[in-house]
Amino acid sequence: MSIVLKNVTKRYDQQIVVHNVSLEIADGEFFVLLGSSGSGKTTVLNMIAGLTSADRGQIQLHSRDVTNLPTQKRNVGFVFQNYALFEYMTVAENIEFGLSVRKVSRKARQLKRDEMLELVGLVGLGDRTPHQLSGGQQQRVALARALALEPDVLLLDEPLGALDAKIRGDLRRSLKAIQRQLGVAAILVTHDQEEAFDLADRIGVMSYGRLVEVGSPRDLYHHPQTEFVASFLGTANILLGQTQGNQIRIGPHKFDLSTEAARFSGDGRVQVVFRPEDLLLARGKAALDCTPLGEGVVTNLGFNGPNERIRLELPAIPGVRAIAPTVPFGKQNIVIEASRSTDHAAALPLSVGEKAWVGIQRLHTLSHPGLSFLVVTDGSLRSQSAISLGGYLARMAHARIILLGIGDDEQLQDARKQIGSGMASVELHTDGGPAHFAIARSVEKNPVDLVIVGWRPLEGLGFAEQILQSGDHHLLLAAHPGTRLENALVCASSGEPGKDDVMFAGRLLRHLGAQATLLTAIENNNDRQSRLAESFMDGGKHSLEMFGVPTQNKLRIGEPEVEIVKEMRSGKYDLMVLGTPLPNRDGRISMTGLVNSVIKNTDNCSLLLVRSHYHKNQFTLN
Amino acid sequence: MNTLTAKTQAVIRRRSPLPWRHWGIRTIAISYLVVMLIIPLLVILQDGLREGLGELWRQVTLPIAWHALKLTLWTSAVMMLINTIMGTLTAFILVRYDFPGKSFLNAVIDLPLAIPTLVTGVMLVILLGPQQAIGAWLKETFHFSIIFAPPGIILALLYLTFPFVVRSVQPVLLELDLAQEHAAATLGAGGWTIFRRIILPPLTLPILTGALLSFARAIGEFGSIVIVAGNIPLYSQTAAVYVFGEVESENRLGASAVSVVMVTIAFGLMMFANYLRNRSRFGFRKENE
């Protein structure tokens with residue numbers, strides 16, 4: 001491996017900019033870090049070069065731990081976006097700089113310099129000064145300068161960003177050819193998708209400091225694992241369907257399931273992705289030679305050279321929810337983006353307002369389904385905790401948010417401003433109190449994974465019981481304003497559920513770069529009990545780590561209520577994950593037992609109550 | 001981006017929309033300049049050369065006058081050297097580092113320009129005079145006096161000219177591209193090499209300009225030195241104080257002669273500094289933009 005990053009994390013003034021990034025780059029590989037601005041990709045590059053220090057984690061170059069080495073000793077070649085040529089030196093002096101620092105003889109320097117000038121196609125320009133060169137030529141000089149020292153790895157920070165389109169294309173081809181010729185491992189940072197597809201052996205997609213997915217361009221485009229990547233790369237239609245055995249159901253239509261999507265979701269819901277080019281259009285249902293989705297009305301037509309883009313609106317399909325492209329809150333229609341070649345367009349001309357049948361040729365399911373949150377605000381002080389924590393979670397998890405305002409519209413607008421941007425979508429919704437009725441009405445129309453409300457431990461759990469009874473969601477009681485969740489205590493002892501606590505906590509924590517402590521308390525230390533507890537915890541640890549959450553196990557012996565509180569006080573936990581007790585026969589959920597006595601003794605710690613699905617789900621922990 | 005566009009832009013300059021290009025206003029401005037600046041200079045030149053170049057030379061080479069001129073030049077030179085190093089360092093710290101009180105320090109740097117120079121002299125005497133703690137201790141322990149001796153002159157000059165180098169280096173330093181330093185670091189260059197080969201070249205001109213200006217300013221300094229130096233002829237009397245003495249004793253020719261030399265030196269330095277500054281402004285850095 002040329003470059004290895006292990007759990008690298010970086011903060012600037014409390015703000016996490018790189019979040020637990022782990023990455024391995026093979027010798028000779030061309031790796032592209034793709035992300036929008038502010039996603040932390042340049043910081044990753046700077047940390048590899050040592051221009052920024054890593055707060056946590058390890059960086060290895062060719063099996064050499066360089067985490068604490070200064071830049072000078074890392075032997076990396078770096079190319080900057082604005083070229084960063086030494087203005088007071090000629091082109092030749094620029095290229096020779098590194099060699100002269102290393103006291104290489106003049107003769108050897110000149111040889112290397114000529115070799116480099118030839119490599120980048122600038123023979124004869126050695127005596128020029130940088131300002132006498134065009135932008136493209138300057139960047140070639142910067143590349144030659146970085147390569148003259150025969151670096152272990154080549155780091156390129158948006159090297160083509162400042163150039164115009166034609167030069168960019170030329171330089172892109174040269175860059176790839178030179179990298180291949182020298183066989184040096186390279187990381188290129190860019191926000192340009194086309195550039196990434198063109199250059200990369202593998203692409204890593206970054207968002208809010210996290211490395212969301214890594215894969216070959218083909219894989220990421222055709223088989224994305226997350227909703228973020230599916231919608232970030234190209235155009236994606238995403239629907240929420242159901243799994244049924246080895247099939248996926250979208251309304252009445254069944255498709256064969258190719259990926260192991262159910263593994264992570266547990267509740268049978270699954271996100272289905274298909275690209276515009278995966279669709280076929282026809283006049284009648286019979287004319288489609290693939291599974292039909294429905295008949296839609298053309299609402300928009302566009303032309304981009306080789307293709308025609310068509311937007312269609314389909315009537316609601318029972319049990320199916322459109323995720324992307326988005327539809328307005330409360331509407332059940334499904335909007336689909338399709339594209340077809342001009343040949344197809346000529347064979348079946350369509351215009352706005354006409355009807356056409358839509359069929360799906362290919363689809364793909366997301367193995368990490370997107371999350372949806374309901375954040376509840378009533379304008380009170382404790383709602384602030386829900387807004388700030390909910391916004392942060394949604395941004396990190398790229399979740400969709402429904403912001404439910406209880407009472408007047410004005411405070412809802414304030415909350416909208418505070419919650420910021422960066423999540424998959426934000427919908428606003430106002431309703432009258434009392435809160436738990438409003439929540440029940442909202443989740444009936446739009447079910448969510450998690451309800452987030454502000455909460456003070458003093459208030460007790462009556463409110464929480466009511467919210468949990470109103471639907472099929474988990475519940476986060478946000479106890480502190482601010483945006484840090486780093487240490488979660490997952491209590492796996494609270495009775496039956498266990499596995500679900502762990503799975504949902506994993507889905508959430510993986511986005512936060514948080515660590516988890518898995519705690520089990522057993523009452524007496526006999527062999528059988530402790531063996532059971534240990535094997536249970538190993539399973540839990542395994543599944544949390546499958547989500548990329550660093551986990552440690554703790555076994556305590558004694559009364560669970562007492563031991564959980566002790567553990568809570570001994571560590572710096574900011575989130576406690578507990579299983580919700582199963583409902584009574586009358587459907588009521590009562591939290592008078594363990595949960596209640598635990599939370600009385602915790603202050604300033606948010607509480608995630610995970611609902612058990614164990615009675616109806618079929619997955620097992622491996 | 002390239003040379004051509006920069007030049008073309010310079011040629012096709014848009015007309016000023018203000019009416020100030022008219023002759024009347026130009027005449028007023030130029031006349032003012034002539035009356036206020038040029039005529040007094042010409043008068044002193046004419047006065048100094050009244051008895052011919054030989055007489056001027058004789059007046060200047062009188063032992064006391066000659067010593068005063070030499071003292072002025074060497075104390076100014078020492079000041080310039082220290083000021084160049086410390087001024088560059090100060091500018092560097094102000095631009096590159098954050099520390100408590102930074103903005104206060106930044107504001108205080110210009111203070112010497114506002115404080116009456118006489119007050120500067122008084123401050124130094126109070127601080128370091130032979131009757132004061134520090135001065136007395138230095139005198140007793142090292143037989144070294146600052147006040148009423150050449151070191152006092154240098155101190156006073158340093159105080160007065162503190163802003164010059166700092167203020168001419170600071171803006172250039174602010175504009176430097178950090179990426180170049182990072183690039184040098186990735187190429188293996190250590191801190192000192194980066195400073196010498198990457199940071200220093202663009203700073204050379206501003207440092208030099210600042211140093212020359214501070215020198216020119218120092219040559220004519222009177223107010224603080226008259227308090228600090230003790231003004232002992234052939235020991236601690238500078239040219240400016242000498243001129244004052246000659247005016248007092250009604251030796252106008254002596255006063256004018258030394259004045260002419262001082263004006264010539266100062267004028268020459270100013271012209272040179274100006275030339276350097278223009279070079280840095282319209283030199284190759286400019287074409288780059």
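How far apart do the C-alpha centres of domain 1 of chain B and domain 2 of chain B lie? In this predicted model, the two centres are separated by 29 Å.

## Chain B: domains and composition

The domain assignment of chain B places residues 16-48 in domain 1 and residues 53-288 in domain 2. Where these two domains meet, the contact takes five residues from domain 1 of chain B and six residues from domain 2 of chain B.

Chain B contains 15 helices and zero strands. It has 289 residues, of which 32% count as buried. When contacts in chain B between residues at least 6 apart in sequence are considered, 75% of them join residues at least 24 apart.

## The ten-stranded sheet of chain A

Chain A holds an open sheet of 10 strands with mixed pairing, in the order β24-β23-β22-β25-β26-β31-β30-β27-β28-β29. Its edge strands are β24 (425-431) and β29 (551-557) of chain A, each of which pairs on one side only. From one strand to the next, the twist averages 20°.

Within this sheet, β27 (residues 487-491) and β28 (residues 515-522) of chain A run parallel and are joined by five bridges. In this pairing, L489(A) is set opposite T517(A) of β28(A). Helix α13 (residues 435-445) of chain A packs on the sheet and touches β22 (372-377), β23 (400-406), β24 and β25 (450-454) of chain A. The direction of α13(A) makes about 145° with that of β23(A). Helix α16 (residues 527-546) of chain A also packs on the sheet, where it touches β28 and β29 of chain A. The direction of α16(A) makes about 165° with that of β28(A).

D378(A) belongs to the loop between β22 and α11 (383-397) of chain A. With 21 other C-beta atoms within 10 Å, D378(A) reaches the cut-off of 20 or more, and therefore it is buried.

Apart from neighbours within four places in sequence, D378(A) is in contact with S383(A), I406(A), G407(A) and A435(A). The C-alpha atoms of D378(A) and T430(A) are 9.8 Å apart, although 52 residues separate the two along the chain.

## Helix α5 of chain A

Helix α5 (residues 165-182) of chain A comprises 18 residues. From its first C-alpha to its last, α5(A) reaches 26 Å, close to the 26 Å expected at 1.5 Å a residue. Just after this helix, G183(A) takes a positive phi of about 65°.

The buried residues named in α5(A) are R168(A), L171(A), L175(A) and Q179(A). Seen down the axis of α5(A), the buried residues fall within an arc of 70°, so they line one face of the helix. The elements covering them include β3 (30-34), α4 (135-147), β7 (153-157) and β8 (185-190) of chain A. On the other side of α5(A), K166(A), R173(A), A177(A), R180(A) and Q181(A) are exposed.

## Strand β16 of chain A and its partners

Strand β16 (residues 291-303) of chain A is joined by six bridges to β20 (residues 355-360) of chain A, and the two run antiparallel. Here G296(A) stands opposite A356(A) in β20(A).

Six bridges also join β16(A) to strand β17 (residues 307-314) of chain A, again with antiparallel strands. G302(A) has R309(A) of β17(A) as its bridge partner. The hairpin of β16(A) and β17(A) has three residues between the strands, and within this hairpin G305(A) takes a positive phi near 95°.

## The surroundings of E227(A)

E227(A) is part of helix α8 (residues 227-232) of chain A. This residue counts as buried because it has 25 C-beta neighbours inside 10 Å.

Leaving out residues up to four places away in sequence, E227(A) touches I238(A), Q271(A), L366(A), G370(A), H398(A) and A424(A). Between the C-alpha atoms of E227(A) and P349(A), which are 122 residues apart along the chain, the separation is 32 Å.

Methods: Residues numbered from 1 in each chain as written. Chains lettered and ligands numbered in written order. Predicted model: local features only at pLDDT ≥ 70, side-chain atom pairs only at ≥ 80, totals over all residues. Pairing = 2+ DSSP bridges. Helix = DSSP H or I, 4+ residues; strand = E, 2+ residues; numbered from the N terminus. Axes fitted to C-alpha atoms, helices over the stretch in contact; angles between N-to-C directions. Contact = placed C-beta atoms within 7 Å. Expected span 1.5 Å × (residues − 1). Buried ≥ 20, exposed ≤ 12 C-beta atoms within 10 Å, placed from the backbone. Arc of directions from axis to C-beta. Domains from an automatic or database assignment.
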